[in-house]
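Me: Could you walk me through a protein model with questions and answers?

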Amino acid sequence: MSLLEVRRLTAGYASVPVVRDVSLSVERGELVALLGANGAGKTTTLLAISGLVSVYSGEIRLDAGSIAGLAPAQRARAGIQHVPEDRSLFPSLTVDETIRLACGARRPPKWVLEYFPALGELGGRRVAALSGGEQQMLALARALCRDPSLLIVDEMSLGLAPLVVNAFFPVLRRIAAERGCGVLIVEQHVHVALRWVDRVHVMAGGTMAASGTTDEMRPRIDELAGAYLGERTVPSSVPTSADNEKGENDEGV
Ligand SMILES: Nc1ncnc2c1ncn2[C@@H]1O[C@H](COP(=O)(O)OP(=O)(O)O)[C@@H](O)[C@H]1O
Ligand SMILES: [Mg+2]
């Protein structure tokens, strides 16, 4: 039984379906990447899982129970946390205030900040003064404060330097493994994602073009990149797997 099971989902905006017949799954403890060119329908799929766009047909199950009828807040209570592409932080709040707001004015669980120790030193800093990487850490920490069973992160690496991107992946892997939650990310650095994630779904033109384990997909990466992913897959300045195997970038964030 999967943690998240999306079956034959058709969803979109107002009366316009933009994703059709999309199926995907995420298991507990698994880090899964949703890949695809701009406009492929990745964000719409994530929003459908969180209950934020119209679903026309198909099923969305969390822990085997249908969540189709639940409002976004109910889905959050059921264990879904969604970090949107813009991260939706309040620029004028401090790091501490952001976390406290997420924790219902209580202190955050200690384990949350253990994944992002750098945040511990930024408590009084305003969100507006944080770097992109620090903002992403804060957005992830805020989501983790609710101890999600499914963590969704849209455009995980948007606006981040390649070295920073590389540092987030081992942290996400640890979160999935140690918390036993499923982590579903949209990632533009395909070659980097393929070194860290357990499974990959590739969208194109609003449909699911390919799905498989990372081992199954790796030999197909050039074919998939050429056919579906456009120029965003060219990892010119992103460290390669050879760098990673030397263990230079495994330090966490
Ligand atoms: N608010 C909206 N209203 C209508 N169409 C939209 C809206 N947002 C996105 N779309 C359309 O849905 C399609 C898929 O977009 P999106 O899910 O954002 O793709 P991706 O995240 O893969 O870049 C695009 O053709 C886009 O123009
Ligand atoms: Mg998007």
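What follows is a friendly set of questions and answers about this model.

This is a predicted model, in which local features need pLDDT of at least 70 and side-chain atom pairs count only at pLDDT 80 or more, while totals for chains, interfaces and linings use all residues. Residues are numbered from 1 along each chain as its sequence is written, chains are lettered from A and ligands numbered from 1 in the order in which they are written, and side-chain values use heavy atoms, leaving out hydrogens and water.

Me: Into which domains is the protein divided?
Reply: Domain bounds here come from an automatic or database domain assignment. The centres of the two domains, taken over C-alpha atoms, are separated by 23 Å. Their contact (heavy atoms within 4.5 Å) takes 18 residues from domain 1 and 13 residues from domain 2. The division is into domain 1 (4-79 + 148-245) and domain 2 (85-146).

Me: What is the bridge partner of Val 83 in E7?
Reply: E6 pairs with strand E7 (residues 150-153) in the parallel sense, over four bridges. In E7, the partner of Val 83 is Val 153.

Me: Which helix packs on the sheet of four strands, touching E1, E2 and E4?
Reply: The sheet is open and antiparallel, with the order E2-E1-E4-E5. Strands E2 (16-26) and E5 (65-66) are at its edges, so one side of each has no neighbour in the sheet. The helix direction makes about 110° with that of E1 (axes are lines fitted to C-alpha atoms, for helices over the stretch in contact, and angles run from 0 to 180 degrees between N-to-C directions), and the helix is H1 (residues 42-50).

Me: Why does the largest pocket lie between the two domains?
Reply: On a 1 Å grid over the protein atoms alone, a pocket is an open set of points with protein on both sides within 12 Å along at least five of seven lines, a cavity is a set where a 1.4 Å probe fits but cannot get out, and lining residues have an atom within 4 Å of a point. The space in the largest pocket is about 360 Å³, where grid points are joined across faces, edges and corners and a volume is the space filled by probe spheres set on the points. Among its 18 lining residues, the closest to its centre are Ala 76, Ile 80, Gln 81, His 82 and Arg 146. The pocket lies between the domains because residues of its lining come from both domain 1 and domain 2.

Me: Which element gives the most to the lining of the second largest cavity?
Reply: This cavity has a volume of about 30 Å³. Its lining has eight nonpolar, no polar and no charged residues (Ala, Val, Leu, Ile, Met, Phe, Trp, Tyr, Cys and Pro count as nonpolar, Asp, Glu, Lys and Arg as charged, and the others, Gly among them, as polar). E9 and H10 each supply at least two residues. With three residues, the element that gives the most is H10.

Technical notes:
Two strands pair if DSSP finds at least two bridges between them.
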